[in-house]
Each structure stands twice: as structure tokens, then as C-alpha cells.
Amino acid sequence: MAELLWQKPGVEVDAGIQAFLAGDDVILDREFFLHDIAASKAHAQGLQQIGILSFDELSGLSHELDLLAEDFRAGSFVLDARYEDGHSAIEARLTERLGDAGRKIHTGRSRNDQILVATRLWLKEKLARVGELSRIVAGIALGRAEAEKDLPIPGYTHLQRAVVSSAGMWWAGWAEAFLDDAMRADDTLRLVDANPLGTAAGYGVNLPLAREHVTAELGFARLQVSPIYAQLSRGKFELAALEALGSATLDLRRLAWDLSLFTAAEFGFVSLPAQYTTGSSIMPNKRNPDVIELMRATHASVAAARIEIEQLLSLPSGYHRDLQASKGAIFHGFGRGLAALELLPALLASLEWRSERMRAAIDSGMYATDVAVEAAVAGVPFREAYKAAAAGADTAGQGRTPEGSLAARVSPGAAADLQLDVLRARLEGLSS
């Protein structure tokens with residue numbers, strides 16, 4: 001490992017203690033390394049503007065940072081145990097190539113605001129993807145709701161057969177859910193879109209740093225003004241980002257549960273493409289819906305990451321080394337959550353309904369609510385209509401069809417009035 005920036009003369013660094021302090025920094029920082037390089041390049045521009053770097057030094061640093069990014073992408077530069085973390089690796093490389101000019105890159109910086117800005121840029125990227133995937137899912141669901149609005153399916157409450165429903169209603173529900181998920185991801189992106197670079201360890205530095213220039217260069221919407229708040233926001237913004245991701249994975253979990261039930265032999269309502277199932281290692285007669293089962297499990301990882309960060313935040317103001325652990329939480333939470341969401345659009349676009357099985361599952365009692373409402377419309381007090389419909393539930397379906405039940409469901413948002421144009425307008429508004 002290169003000499004530590006903070007190492008004091010005459011003090012030997014204990015290898016075991018240093019390993020504990022570093023934790024998984026080198027491994028985790030591989031995820032944030034390119035963002036750290038981009039931030040270092042912007043910081044160098046700011047240093048040149050206030051006279052710390054010459055034009056030639058800035059040119060050399062920018063060139064070497066670009067080369068480092070290329071080498072990292074190509075695999076010719078590996079962030080490994082030679083370095084304490086990603087930041088020290090950048091400084092070591094620049095010092096090796098440029099000497100004193102490379103040593104100047106850390107001027108006016110702290111390792112705290114260095115990782116803070118790198119993870120902030122990373123969170124922006126991930127939240128943008130959550131929003132994009134949520135819009136894609138909403139669009140697929142809307143398209144299928146429009147195409148299959150009249151396809152009858154059984155509607156359940158308490159996991160019991162309840163009323164006649166439709167594929168249009170099922171799809172519209174998920175469309176609106178993921179529209180909200182997209183909105184929440186976009187709103188959270190606006191929250192975290194604040195530049196902490198230049199706040200050092202939470203108290204600023206004795207330099208007139210060009211923070212406005214760096215903010216624009218890195219594409220942040222605004223400057224995070226207070227150095228103290230920059231530290232207070234660490235963990236708080238990560239928690240908000242995981243909550244936005246969790247909004248989508250929570251919906252994914254419930255959707256996956258529907259598909260787990262609907263693909264079971266006892267229901268048989270849905271057929272999945274073969275690539276979304278695996279064979280049993282011991283039972284040759286079956287295929288397992290492993291993809292949707294692991295989608296169902298994904299929210300647990302996101303929730304665990306959220307709880308981990310929440311527990312880290314029982315701290316007074318200022319920087320504390322505890323916050324180092326927030327890197328692993330967002331890495332694992334977004335790593336699992338986004339991987340599952342990436343698979344969802346193609347799954348929803350390709351699943352097939354087995355209409356004959358769904359129609360066969362609609363029994364006479366599922367028309368009892370229609371009977372009760374019709375009697376109430378005719379003037380019978382609803383409580384009496386309800387009791388009469390319950391007593392005659394076994395014959396409630398006589399002379400009725402699923403299509404007729406759906407056509408009579410005229411309340412806004414129900415089967416005969418899905419209001420898909422309203423949802424479509426929301427989608428277009430989010431996409432613009």
C-alpha cells in the first residue's frame with residue numbers, strides 16, 4: 001500500500017487495524033471510481049481558477065485523469081489492495097505520472113467530500129434509471145391494459161374469489177403503481193441533485209474554491225451550500241434514494257406474488273416464457289418460476305440496506321467514520337434492486353394469459369355483488385339487498401356473463417371506465 005496521507009512520523013500503522021479501518025473500501029470504490037475521477041477533474045478546474053494550478057498543470061491532470069478512466073474501463077488499471085481507497089489510488093497515479101502537480105489534486109479537499117460527491121453522482125445515475133424503468137413498466141402495462149381491457153379474470157380479496165375482474169383492471173393497477181414509482185424516483189433525484197464538493201470535512205477550507213463552476217461542470221442542479229449540512233445529508237440522501245427504489249421493488253414484490261399464484265397449477269392463469277423458469281434438480285416433472293421468486297425476494301435486500309443506513313444515522317452533527325458503511329448499503333441495495341427491475345419489462349411484455357382457465361374459475365357467487373348493487377339501484381336499501389344477494393349467491397350467475405359484469409362496472413377507474421387516457425397523459429408528462 002502507498003504511504004498514507006494522514007500517516008504521522010514515527011507511528012507505525014498496524015496492519016490489522018488498518019485492514020479493519022479500510023473495510024471493503026477498495027472493492028466498493030470500484031463502483032464509484034469513475035465518478036471520483038470526474039469529480040477530481042472538475043475540482044482541478046476549480047483549483048486552476050483560483051491560482052493553485054497553472055494552465056499547464058491543469059492540462060496535464062485532465063489528460064492523466066482521462067487516461068486513468070480509460071485504463072480502468074479497459075481493465076489495465078485495477079483498484080486493489082495496493083491502495084487504501086479510490087481517492088488515494090487517483091492521487092498515487094497522478095503523482096507517479098506528474099510529480100508535484102499530481103500531489104496538488106487533494107488541495108482543498110477531504111476524503112469525506114471526495115467520496116460524498118462520487119456517491120452523490122452515482123445515486124443520481126441510479127435514481128434516473130429507477131425512474132426510467134418505472135416509466136417503461138408503466139408504458140407496457142398501459143399498452144396491455146388497452147389491448148386486454150375486456151379479458152375477464154377472477155378478482156380476489158383476502159385470497160378468496162370475490163368478483164369478476166379484467167386483465168385491463170389488473171394491468172391498469174400496475175401502470176398507475178409504476179407511474180407513482182417513477183414520480184417518486186424523479187422527485188428524489190431532484191432532492192439529491194446538490195453538489196457537496198468543496199465542503200471538505202464539513203467546515204470548508206481557507207480557499208475561495210470555485211464551487212459554482214464545479215457544480216455546473218458536474219451537472220448538479222444546485223450547490224449544497226452549508227459544509228455542515230453536506231455532512232448531515234450523507235446517509236439522509238442515501239436513505240431517501242433507497243426509499244425511492246424500495247417503492248418500485250415493493251410493487252415488484254406484490255406483482256411477483258400475483259404471478260407466483262397465477263402460474264401455480266392450482267390457478268393456471270398465466271404462462272411464462274421458458275427462459276423465466278428453471279428445471280427442478282430432483283423432480284423431472286416440473287418447471288420452477290425462479291425468476292419471479294427472486295424478484296419477490298429483492299425488496300428484502302433494499303429494505304435491509306435502508307435499515308442499515310437508518311441505524312448509522314444515530315450520530316451527532318459532523319463527519320464520523322461510521323458513515324463509511326453507507327457505501328456498502330447503497331451498493332448492495334441498488335445492485336439487487338435495479339437488477340430485478342431491469343428484467344421486469346421483458347417479462348411483462350411476454351407473459352401470456354390462459355383465458356379458458358380464468359373463465360372457468362369465475363363462479364356464480366362472483367356475481368353476487370352485481371345483484372346487490374342492482375337491487376340497491378332499484379330502491380332496495382343496500383343492507384337488505386346485500387342479505388338477499390348473499391342468500392342467493394349460488395344462483396347469482398344465472399343468465400349473466402363475465403363480459404356483462406365488466407360492462408356494468410362504470411365507476412371511474414373500474415372495468416367499464418378504466419380512464420387509461422388519464423394514466424397515459426401522466427406517463428407522457430413524466431417522460432417529457
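The dialogue below goes through a residue, a hairpin, a helix and the nonpolar cores.

User: What should I know about the model before I start?

Analyst: This is a predicted model, in which local features need pLDDT of at least 70 and side-chain atom pairs count only at pLDDT 80 or more, while totals for chains, interfaces and linings use all residues. Residues are numbered from 1 along each chain as its sequence is written, and side-chain values use heavy atoms, with hydrogens and water left out.

User: Is H43 buried or exposed?

Analyst: Buried means under 20% relative accessible area, exposed over 50%, and partly exposed in between, with a 1.4 Å probe and protein chains only. H43 counts as buried because its relative accessibility is 5%. Its place is in helix α2 (residues 25-49), where helices (H or I, at least four residues) and strands (E, at least two) are DSSP runs, numbered from the N terminus. Contact means heavy atoms within 4.5 Å; not counting residues up to four places away in sequence, H43 touches I105, T107, G108, R109, L197 and V214.

User: How many bridges join β1 and β2?

Analyst: Two strands pair if DSSP finds at least two bridges between them. Strand β1 (residues 152-157) and strand β2 (residues 160-166) pair in the antiparallel sense over six bridges, and S165 in β2 is the bridge partner of I153. The hairpin has two residues between the strands, and H158 takes a positive phi near 55° there.

User: Which residues of α17 are buried?

Analyst: In α17, the buried residues include L420, L423, L427 and L430. They lie on the same side of α17 because they cover an arc of only 85° around the axis, the arc being that of the directions from the helix axis to the C-beta atoms. The buried residues of α17 pack against α6 (111-147) and α7 (167-192), whereas the face turned away from the buried side carries the exposed residues D421 and E428.

User: Which residues touch the most other members of the largest nonpolar core?

Analyst: In soluble globular proteins, nonpolar side chains tend to be buried together. A nonpolar core is a set of buried Ala, Val, Leu, Ile, Met, Phe, Trp, Tyr and Cys residues joined through side-chain atoms within 4.5 Å. Of the 67 residues in the largest one, W170, W171, F178, M295, F334 and W353 touch the most other members. The largest share of this core, 13 residues, comes from α7. Apart from this core lies another, of 20 residues, among them V26, I37, L47 and L94.
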